[in-house]
Amino acid sequence: MNYNSSGDQMAKKPKVIVFDLDYTLWPFWVDTHVDPPFKKRAQNKIVDAHGRTVRYYTDVPDVLKQLSEEGYELAVASRTSEIKGAKQLLDLFGWKRYFKYFEIFPGSKVTHFSNIQKSSQIDYKDMLFFDDETRNITEIGKLGVHAILVRNGVSHHVVEDALRSFSKQ
């Protein structure tokens with residue numbers, strides 16, 4: 001899998017790719033469906049405080065690794081109130097290393113993106129965003145960000161399609 005080979009080498013590419021967490025990288029709300037603290041058990045299995053296995057969408061580790069290896073800057077923008085738990089899961093899943101920007105706190109995603117824009121010095125029009133909530137897609141799309149509604153989590157197919165549509169805008 002090589003996202004850079006998706007079409008024309010001169011195609012326009014995002015400078016920052018931003019991911020929501022809940023129902024985008026993993027299939028639950030970290031503030032209501034699982035209970036921190038989280039622990040790593042045998043075979044890298046992550047469990048919550050009640051010993052329940054915490055899973056992510058299948059393609060996510062490969063997607064993040066691939067995008068990172070291809071030189072994309074990655075960011076997280078999450079409205080969760082379970083900030084500590086979300087950061088702990090990113091760490092335990094081994095994904096923290098892929099992200100340059102972390103905006104994890106309740107409130108409008110416009111604030112998250114404003115912070116990412118200030119830190120990165122990258123225009124909104126050069127950002128690609130994945131989220132499962134229409135309200136966030138609409139709100140962030142108004143900033144000029146290329147926002148993609150995710151129905152069943154991030155996958156290789158979702159990312160390939162998004163990069164293709166980004167390059168055509």
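Helices (H or I, at least four residues) and strands (E, at least two) are DSSP runs, numbered from the N terminus. On that basis Thr-111 is found in helix H3. This is a predicted model, in which local features need pLDDT of at least 70, side-chain atom pairs count only at pLDDT 80 or more, and totals for chains, interfaces and linings use all residues. Residues are numbered from 1 along each chain as its sequence is written, and side-chain values use heavy atoms, with hydrogens and water left out.

**Overall fold**

- The protein chain has five helices and seven strands, in the sequence order β-β-β-α-β-α-β-α-β-α-β-α.
- Along the principal axes, the C-alpha trace of the protein chain spans about 50 × 35 × 25 Å.
- Buried residues (under 20% relative accessible area; exposed is over 50%, partly exposed in between; 1.4 Å probe, protein chains only) make up 46% of the 169 residues.

**Salt bridges**

- A salt bridge is a side-chain nitrogen of Lys or Arg within 4 Å of a carboxyl oxygen of Asp or Glu, and the count by this rule comes to twelve.
- Asp-126 and Lys-15 form a salt bridge at 3.7 Å, N to O. Asp-126 lies in the loop between helix H3 (109-120) and strand S6 (127-131) and Lys-15 in the segment before strand S1 (16-19), so this pair ties together parts that are 111 residues apart in sequence.
- Asp-126 is buried at 7% relative accessibility, whereas Lys-15 is partly exposed at 49%.
- A network of salt bridges links Lys-15, Asp-123, Lys-125 and Asp-126.
- Lys-109 and Asp-20 pair at 2.9 Å, N to O. Lys-109 is in helix H3 and Asp-20 in the loop between S1 and S2, so the contact ties together parts that are 89 residues apart in sequence. Both Lys-109 and Asp-20 are buried.
- In the salt bridge of Arg-52 with Asp-48, the closest N and O atoms are 2.8 Å apart. Arg-52 is partly exposed, with a relative accessible area of 42%, and Asp-48 is buried, with 3%.

**Positive surface patch**

- Lys-39, Arg-41, Lys-45 and Arg-55 gather in a surface patch of positive charge. Patches are made of residues with over 30% relative accessible area and no salt bridge, with like charges joined within 9 Å and nonpolar side chains (Val, Leu, Ile, Met, Phe, Trp, Tyr) within 5 Å.
- Arg-41 sits in the loop between strand S2 (39-40) and strand S3 (46-47) and is partly exposed, with a relative accessible area of 47%.

**Backbone geometry**

- Most residues other than glycine have a negative phi, and most peptide bonds are trans.
- The peptide bond from Pro-36 to Pro-37 is cis, with omega near 0°; Pro-37 is in the loop between S1 and S2.
- Tyr-23, in the loop between S1 and S2, has a positive phi near 60° and is partly exposed, with a relative accessible area of 26%.
- Gln-121 is not a glycine but has a positive phi of about 60°. Gln-121 lies in the loop between H3 and S6 and is exposed, with a relative accessible area of 63%.

**Thr-111**

- Thr-111 is partly exposed, with a relative accessible area of 39%.
- Thr-111 and Arg-97 are 14 residues apart in sequence and 23 Å apart in space, C-alpha to C-alpha.

Methods. Accessible areas come from the Shrake-Rupley method with a 1.4 Å probe; for residues, only the protein chains shown count as cover. Lys and Arg count as positive and Asp and Glu as negative; His and the chain ends are not counted. The place of a charge is taken as NZ of Lys, CZ of Arg, CG of Asp or CD of Glu.
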